[in-house]
Amino acid sequence: MVSVDGSIVLQIVNFLLLIWILNMVLYKPIRKILLARKEKMAGLRSDIDGSAQQVKSKQDAYAEGVRQARATGQKEKETLLQAASEEEKMIIGKINLAAQAELKVVKERIAQDMGTVKSALENEIDAFADAIGQKILGRIA
C-alpha cells in the first residue's frame, strides 16, 4: 500500500520538474518543427495553387490565341478565294471576248472567201458546163 508521507511530495516535485525539462528540451522544439513544417506546407500549397491558376490562365490565353488565329486565317482564306474567283471571272471574260473577236474575224474571212470562190465559180461555170457537156457527149457518141 502507498503511504502518504514527505516522499510523495518529493515525487510530485520530481515529476513536475521532469515534465518541465521534457517540455523545454523535447516537446517545444518538436512543436516548433511541426509548426514550421505546417507553415511551409501551407506556403507550398498556396504556391501550387497560384501556379495552377497561372497555367490555367496561360492555357486559356493560348486557346484564345489559337481561336483568333483560326478566325483570322479563315477570313484571309475567304478573302483570297473571293479575289481568286473575281480574277478567274475577269480572265474568263477576257478570253471569251478574245474568242468572240477571233470568231468574228474567222466568220468574216470565211464569208469573204466564200464570195471569192462563188464569183470564181460563177466565172468558170460556163467553162465547166462545156467541159462536162463534151465529156458526156464524147462518151455517149
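This is a predicted model: local features need pLDDT of at least 70, side-chain atom pairs count only at pLDDT 80 or more; totals for chains, interfaces and linings use all residues.
A residue counts as buried when its relative accessible area is under 20%, as exposed when that area is over 50%, and as partly exposed in between.

**Exercise 1. Overall form**

Work out what the fold consists of and how its radius of gyration compares with that of a compact globule.

*Solution.* 
- Step 1: Start with secondary structure; the protein has one helix and zero strands.
- Step 2: Turn to the radius of gyration. A compact globule of 141 residues would come out near 14 Å, but this protein has 58 Å.
- Step 3: Check the extents. The C-alpha trace spans about 185 × 35 × 20 Å along its principal axes.

**Exercise 2. Burial and surface**

Find what share of the 141 residues counts as buried, and describe the accessible surface.

*Solution.* 
- Step 1: Apply the cut-off of under 20% relative accessible area. The share of buried residues is 0%.
- Step 2: The accessible area is about 13,300 Å², and carbon and sulfur atoms account for 64% of that.
- Step 3: Look for a nonpolar patch. Such a patch is formed on the surface by a group of residues that includes Leu17, Leu18, Trp20, Tyr27 and Leu34, with about 1,000 Å² of accessible area for the whole patch.
- Step 4: Take one member, Leu18, which sits in helix 1 (residues 6-140). Its relative accessibility is 47%, so Leu18 is classed as partly exposed.

**Exercise 3. Charges and salt bridges**

*Solution.* 
- Step 1: Take Asp60 and Lys56, whose side chains meet with an N to O distance of 3.5 Å. Because these two residues are four apart in helix 1, about one helical turn separates them. Asp60 is partly exposed at 44%.
- Step 2: Move on to Arg67 and Glu64, where the closest N and O atoms are 2.4 Å apart. Arg67 is partly exposed at 48%, and Glu64 is partly exposed at 32%.

Key:
Residues are numbered from 1 along each chain as its sequence is written. Side-chain values use heavy atoms; hydrogens and water are left out. Patches are made of residues with over 30% relative accessible area and no salt bridge: like charges are joined within 9 Å, nonpolar side chains (Val, Leu, Ile, Met, Phe, Trp, Tyr) within 5 Å. Accessible areas come from the Shrake-Rupley method with a 1.4 Å probe; for residues, only the protein chains shown count as cover. A salt bridge is a side-chain nitrogen of Lys or Arg within 4 Å of a carboxyl oxygen of Asp or Glu. Buried means under 20% relative accessible area, exposed over 50%, partly exposed in between (1.4 Å probe, protein chains only). The radius of gyration is taken over C-alpha atoms; the globule rule is 2.2 Å times the number of residues to the power 0.38.
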